[in-house]
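Work through the exercises below with the sequence and the model open. Try each task before reading its solution.

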Amino acid sequence: MNPQETHDLMELIRWIRHEFGLTILLIEHDMSLVMGVCEKIYVLDYGQIIAVGTPDDIRNNPRVIEAYLGEEAS
């Protein structure tokens, strides 16, 4: 998706969640989209959960950084 489509999808997801009071399961690799709409994130690495938390928790998690950015965790 291009940036405008991503933005539009984020707005649609927020509206659906608010309008209908639904929980939405989003499986996505676009981290800007995930971080922009999710309140709680589960991160998988080779099918195993390596982190659970808020966008800030996930953004700063050493295991996530190592798995997805290839940097060594502290």
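The exercises go from the overall fold to single residues.

This is a predicted model, where local features need pLDDT of at least 70, side-chain atom pairs count only at pLDDT 80 or more, and totals for chains, interfaces and linings use all residues. Residues are numbered from 1 along each chain as its sequence is written, and side-chain values use heavy atoms, with hydrogens and water left out.

**Exercise 1. The fold**

Task: State the order of the elements and the span of the protein.

Solution. Start with the elements: helices (H or I, at least four residues) and strands (E, at least two) are DSSP runs, numbered from the N terminus. The protein has four helices and two strands. Read from the N terminus, the order is α-α-β-β-α-α. Next, take the span: the C-alpha trace covers about 40 × 25 × 20 Å along its principal axes. Finally, count burial, where buried means under 20% relative accessible area, exposed over 50% and partly exposed in between (1.4 Å probe, protein chains only). Of the 74 residues, 23% are buried.

**Exercise 2. The hairpin**

Task: Describe how strand S1 pairs with strand S2.

Solution. Strands pair if DSSP finds at least two bridges between them. S1 (residues 41-45) and S2 (residues 48-53) run antiparallel and are joined by five bridges. Within this pair, Val43 faces Ala51 of S2. Now look at the turn: two residues lie between the strands, and Tyr46 has a positive phi near 50°.

**Exercise 3. The core**

Task: Find the residues that touch the most other members of the largest nonpolar core.

Solution. A nonpolar core is a set of buried Ala, Val, Leu, Ile, Met, Phe, Trp, Tyr and Cys residues joined through side-chain atoms within 4.5 Å. The largest one holds 13 residues, and Val37, Ile41, Val43, Ala51, Ile58 and Val64 touch the most other members. H1, H2, S1 and S2 each give two or more residues to this core. H2 gives the most, with four residues. As background, nonpolar side chains tend to be buried together in soluble globular proteins.

**Exercise 4. A surface patch**

Task: Which residues make the nonpolar surface patch, and where is Leu22?

Solution. For patches, residues need over 30% relative accessible area and no salt bridge; like charges are joined within 9 Å, nonpolar side chains (Val, Leu, Ile, Met, Phe, Trp, Tyr) within 5 Å. A salt bridge here is a side-chain nitrogen of Lys or Arg within 4 Å of a carboxyl oxygen of Asp or Glu. Areas come from the Shrake-Rupley method with a 1.4 Å probe, and for residues only the protein chains shown count as cover. Leu12, Trp15, Phe20, Leu22 and Ile24 make a patch of about 500 Å². Leu22 sits in the loop between H1 (3-20) and H2 (31-37). Leu22 counts as partly exposed because its relative accessible area is 43%.

**Exercise 5. Both ends of H4**

Solution. Asn61 lies in the loop between H3 (55-59) and H4 (62-69). Its relative accessible area is 18%, so Asn61 is buried. At the start of H4, a side-chain oxygen of Asn61 comes to within 2.8 Å of the backbone nitrogen of Arg63. Pro62 belongs to H4 and, at 38% relative accessibility, is partly exposed. At the other end, just after H4, Gly70 takes a positive phi of about 70°.

Notes. Polar contact = N/O pair within 3.5 Å; in protein donor to acceptor, adjacent residues only side chain to side chain.
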